[in-house]
Amino acid sequence: MITYPALKMKMGNWDYYVVRMKMSEVASEIKFAHDINQEKTLDKALQRELNESRAGKLITRYLCTEDERFFNSIVVAAFDGNPQFFPVSMKDDPRFALVQERFNETFGVVTFDEEIETFVLDGQHRLFAIKQIINNRTAFPILPNFSQETLSIVYVIPPEN
C-alpha cells in the first residue's frame, strides 16, 4: 500500500489528487511514459522529446547549487492502483467552523495498491534531473538532505470509461 497526504480535486469527469512526495519517492515511483508503454506514440503525444543534456546539466545544477530553489508541480498519470481517498474531518474542531463546508472531503490521505503505474505527463525534464541527483549521477555536489525535500505531484486519474 502506498500512502500520501493529499488534496482531492475534480474537473469535468477527471478526479485528481495533489500529493506531497519526497524527492526520493519521486525518483523511484514516477516513470517516463516510454518506460511503461512500449509504443512511442503515447510518449510523443504527451511530452516533447527529453533533452537529457539540458535536464542533466542546467536543471541538475540549479537543484544542486541554489539554496532558493523551487519547482512547480509535476503532473503524472496514474493507471490501476485502485486509488482510495480518506478525508480528514475538521468538523469537531471549532477553529475551522467558518470553513468546514468548503474544506469538507478535500483534505486527507490517498492510497494506491502496488499495481499502480505512474508516469510523467508534464515535468519530464525536472523528473530526469531529480532522478540524476537521487541516483548520484551528477558531477555537482549533492545536497545532504535533498532526498527528503518535498514536491507537489498532481496525480491525474483517468475516468473508468
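**Note on the predicted model**

1. Confidence along the chain. In the chain of this predicted model, confidence is lowest in helix 3 (residues 40–46), where the mean pLDDT is 46, and highest in helix 1 (residues 23–29), at 95. The average over the chain is a pLDDT of 83, and 83% of the residues score at least 70.

2. The stretch to be read with caution. Over residues 38–45 the pLDDT stays under 50. For this stretch the model has 6 contacts beyond four places in sequence. Where pLDDT is low, the predicted coordinates should not be read in detail.

3. The model contains an open sheet of 7 strands, in the order 4-5-1-2-7-3-6 and with mixed pairing. Strand 4 and strand 6 (117–122) stand at the edges; each has a single partner strand, so one side of each is left without a neighbour in the sheet. On average, neighbouring strands of this sheet are turned by 40° against each other, direction ignored.

4. Strand pairing. Strands of a sheet pair through backbone hydrogen bonds, in either the parallel or the antiparallel sense. Strand 1 (residues 2–11) and strand 5 (residues 107–112) are paired in the antiparallel sense, over 6 bridges. Within this pair, Ile2 has Phe112 of strand 5 as its bridge partner.

5. The helix on the sheet. Helix 6 (residues 124–134) packs on the sheet and touches strand 3, strand 6 and strand 7 (150–157). The direction of helix 6 makes about 125° with that of strand 6.

6. Pro141 lies in the loop between helix 6 and strand 7. With a relative accessible area of 61%, Pro141 is exposed. The C-alpha atom of Pro141 is separated by 9.0 Å from that of Arg61, although the two residues are 80 residues apart along the chain.

7. Most residues other than glycine have a negative phi. Which phi does Asp80 have, positive or negative? Asp80, although not a glycine, has a positive phi of about 60°. Asp80 is placed in the loop between strand 3 (74–79) and strand 4 (84–87). Asn82 is also in the loop between strand 3 and strand 4, and has a positive phi of about 45° without being a glycine.

Terms used. Residues numbered from 1 in each chain as written. Predicted model: local features only at pLDDT ≥ 70, side-chain atom pairs only at ≥ 80, totals over all residues. Heavy atoms only, no water. Helix = DSSP H or I, 4+ residues; strand = E, 2+ residues; numbered from the N terminus. Pairing = 2+ DSSP bridges. Axes fitted to C-alpha atoms, helices over the stretch in contact; angles between N-to-C directions. Contact = heavy atoms within 4.5 Å. Buried < 20%, exposed > 50% of the residue type's maximum accessible area, 1.4 Å probe, protein only. pLDDT = per-residue confidence, 0-100.
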